Amino acid sequence: MNFPILSSLILLPSIGALFLFFSRSNKENNITVKYVALFTSLVNFFLSIYLWILFDQSTSDFQFVEDRIWIEGLINYKVGIDGISILFIILTTFITPLCIISVNNSIKNRLNEFLIAILVMESFMIGVFCSLDLVVFYLFFEAGLIPMFLIIGIWGGTRRVYSAFKFFLFTLLGSVLMLVAIISIYWISGTTDVIELYQQGIDSKYQNLLWLAFFSSFAVKTPMWPVHTWLPDAHVEAPTAGSVLLAAILLKMAGYGFIRFSLGLFPVASEIFTPLIYTLSVIAIIFTSFIALMQEDMKKLIAYSSVAHMGFVTLGIFTIQQQGLEGSILQMISHGLVAAALFLCVGVVYDRMHSRLIDTYGGIVSIIPKYSVFFMIFTLAALGLPGTSGFVGEFLILMGAFKDNFLVAVIASLGVIIGAAYMLWLYKRVVFGKLINSDLKQMVDLNRSELFILSCLAVPILLFGFYPDPLINTIEVSISDLIDTYNINTMNN
Amino acid sequence: MINLELVFPEIFLSLSIMFLLILGVFKKNSSVLIHNLSLIVLLVTAVITINETLGIEETFLFNGSIVIDYLSSFMKIMTLIAAFLVLVISSNYLKAFKIFKIEYPILILSSVLGMMVMISSNDLIVFYMGLELQSLALYVLATFNRDQLKSSEAGLKYFVLSALSSGLLLYGCSLIYGFTGATNFILIADQLGSNEYALTFGIVFILVGLAFKISAVPFHMWAPDVYEGSPTSVTLFFTMVPKIAALSVFIRFLYVPFLNLIEQWQMILVFLSIASMLFGAIAAIGQTNLKRLIAYSSISHVGYALAGLATSSNDGIQSSVIYITIYIIMNLGLFSCLLMMRRNNEYYEDINDLSGLSKNHPLLSISLLVILFSLAGIPPLAGFFAKFYIFKSVLEQSMYFLAIVGLLSTVVAAFYYLRIIKIMYFDKEKEKFDTDHSMWLKFSLTASTLLILIYFIFPSQLIEVVSRINII
């Protein structure tokens, strides 16, 4: 019974990375190296599916809790999951193998090190989603900077150095204030254990400052307007697999952090700062959607659309409505899949034409039809067409928002329209139209591995679009419990 | 009745120094022999220290002018081990510069002796004697490569400025003696009472002197020049060993006699700490010489160690000791890398010489990567925990300003560490460096990297060791 399944999830990728580290990398064994990495991440994926099967959906208590003394009398290594975190863990273990499969087209040099970075990154990301101690959380949250910095910096595009530095310093700057807050919580409450903090609550006179300190970190990571500027740079310069990890999982850490820590630990302050979040979210939705409309670089366009989508997520979280919160989590999962798929789509044409500019393309529907079909599915999912997972999330968020604040919901709904505009326009300019650039004729359609990756992503997007119940059932109890505690806490103050 | 065995390490060390000197004079070409013998002497002294003094309760010797307690034993052992490692990894460097002479190990031994006296001192005069013994040896060491203009300049600069600070320190000592009539720390503590303001002057002067020795801002001016000019092996010694001694003197001087005047000196310490953290981080950004860069980074690390001292709690002192321990491990690794930057018997120390290191020397560059991220304080490496303990004790005293400035300056500092990583990993490769390094050099690099890397698995051990330090 007491098999430490979460710790295994965290450790397994790192062990795989250790194997890779001791294997000599050269041209011949590149394939072997890749299979080792793929095998590790697939084992991890099945382990997480097994975890989902074992998971008890009827309770909001933390399950699979492991509690070990780590620093004597100070910090315990404590991990555990509830309905909110399990989906993110599965998302992580699902995306990572796809990233690893996708590398054979884009990463030419130092494949071994690249895979090590990805696997280590996976360890840290899973760690973030299941840690139940603030210091452990911070450790994983920050540690992820190291592999990501290297992924952008070593394998990135032409302006990679600038982007890598910007990414690292922005995130670090946001996070150090969170460290101050975490240590302060230790001295205020005597513990950094999340479950204990949930039970005893934090004195409301400290909550505002603590909330702001956590906010500074999560806002940068989300990213919220106006600290979103690192994201387009990082996305554009990162290699495809890096962009996928960044968009699909790294951004979700912040959304998860808002739900788990900002709402859970500081309900009083969350109530006070909800207007701030609403304002920033609405600006993000409208403003970055307009910016996305004007982009000429495909990756940049998707990056800005990520900011807008994350604006919906933060909006949904702070509605503190069952629908809003469920919608946010679904939106995060869906965006994880869709953004990953879109970046992979851009990667596919980039590998062939070495250009990310929209102008380069046009009229490729007749040359690479399979690709165009997949690209269409993901485009429609990104703009939230009913029947795709993007719709469920956005719809629930807007429903929650209408209950809470009519004006905000109306403005946010406008964002949906602009979102449809830039995504459809992008699709039109890339896929349809006249074939002007004659180089495009040499493009070959999707090869087997690309076909496999994109289908893997398309299936859950459509499945959860029509039938989101498995996801909703998993998170429902945890969310309603969270909202109940939240309401009790804010009533009392 | 005096327990002479408690000072046996010092006695053994001084006798060995004299013996080695005589041996060096009478035996021709004995530099290798003396080098090896000094290594053995350092190890034996460390063993004696562990055996004789480690488990001892606080004991005073020679009318209370020397104290043996856990803090002093711990710091002495650390000094001895650090000096041993410095000596053992720098032999190839010295040979390459043709300064592998008998004086070098003997000077190191004498400065270590001075530091041991400093660490144990419980009396202003004994403390000053120890300080001068170590400083005089260090002046000579700084100029050791005397054919090089820069080295002589470094030594001269160090000598002049250090003499000035010693003068200030001595002036402070005489003020304190004048107002309390005592030089013994414990007697001073009894006499504090009425002379608070006058004594504050004395404390300030002594703090200035000590801040100079530990190169805290605004008394740091000498450090970059001296670190750059001295031979690399000596710079390595400068950045590690004297800091241990100076820190323990800081602890004892502030917390034994002047604990009751805490309002007076706490602000000075907070200022020193903030100024060092910030200035060290900002000034390092523009540096292109690695040794200069390390000088500034060591200034900012000293700032963090001082932040722990400013808290006036046992927790804070312990976190400073932890910080300096981890800092020394990181520094050892950093300098091992620096000593490996050798091509055709020529050593390189410009930051651009690291360009593209990751392609030619993947293992060396990954070690350097780990060390640099750790210096920047990124989890889960040891450097993060060092900072974590410091800020934990700082925030316990609700010193929010200090904590926030400190953490913000880690972000600034992260920039220049990242710059080195960028040059190593993102830039075009240059010629390869030589790979025939001595076994000890490889060992110290591997050991320090591994310690930094896996520290997070067993963080409690170091805390346990340090938690026996109880000064207040």
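Let's start at Phe62(B), which sits in the loop between strand S1 (59–61) and strand S2 (66–68) of chain B; helices (H or I, at least four residues) and strands (E, at least two) are DSSP runs, numbered from the N terminus. This is a predicted model, where local features need pLDDT of at least 70, side-chain atom pairs count only at pLDDT 80 or more, and totals for chains, interfaces and linings use all residues. Residues are numbered from 1 along each chain as its sequence is written, while chains are lettered from A and ligands numbered from 1 in the order in which they are written. The model scores ipTM 0.90 and pTM 0.92. Chain B averages a pLDDT of 89, with 99% of the residues at 70 or above; pLDDT is the predictor's confidence in each residue, from 0 to 100.

- Most residues other than glycine have a negative phi, and most peptide bonds are trans.
- Phe62(B) has a positive phi near 50° though it is not a glycine, and with 11 C-beta neighbours inside 10 Å it counts as exposed (buried means 20 or more other C-beta atoms within 10 Å of a residue's own, exposed 12 or fewer, partly exposed in between, with C-beta atoms placed from the backbone).
- His354(A), also not a glycine, has a positive phi near 55°; this residue lies in the loop between helix H14 (322–353) and helix H15 (369–382) of chain A, and it counts as exposed with 8 C-beta neighbours inside 10 Å.
- Trp225(A) and Pro226(A) are joined by a cis peptide bond, omega near 5°, and Pro226(A) is in the loop between helix H9 (204–221) and helix H10 (230–237) of chain A.
- In chain B, the bond between Val217(B) and Pro218(B) is cis, with omega about 5°; Pro218(B) is in the loop between helix H9 (196–213) and helix H10 (222–229).

**Where the chains meet**

- Chain B brings 24 residues to the contact and chain A brings 25 residues (two residues are in contact if their C-beta atoms, placed from the backbone, lie within 7 Å).
- On the chain B side, H17 (382–396), H18 (400–426) and H20 (459–466) each supply at least two residues, and H18(B) gives the largest share, twelve residues.
- By class, that side of chain B has 18 nonpolar, two polar and four charged residues (Ala, Val, Leu, Ile, Met, Phe, Trp, Tyr, Cys and Pro count as nonpolar, Asp, Glu, Lys and Arg as charged, and the others, Gly among them, as polar).

**Helices inside the chains**

- H11 (residues 232–255) and H14 (residues 314–340) of chain B pack at about 175°, axes 10 Å apart (axes are lines fitted to C-alpha atoms, for helices over the stretch in contact, and angles run from 0 to 180 degrees between N-to-C directions).
- The contact of H11(B) with H14(B) has twelve nonpolar, four polar and one charged residues.
- Tyr327(B), in H14 of chain B, counts as buried with 25 C-beta neighbours inside 10 Å.
- Leaving aside neighbours within four places in sequence, Tyr327(B) is in contact with His301(B) and Ala386(B).
- In chain A, 21 of the 30 residues of H7(A) are buried, so this helix is largely enclosed by the rest of the structure.
- Gly190(A), with a positive phi near 80°, follows H7(A).
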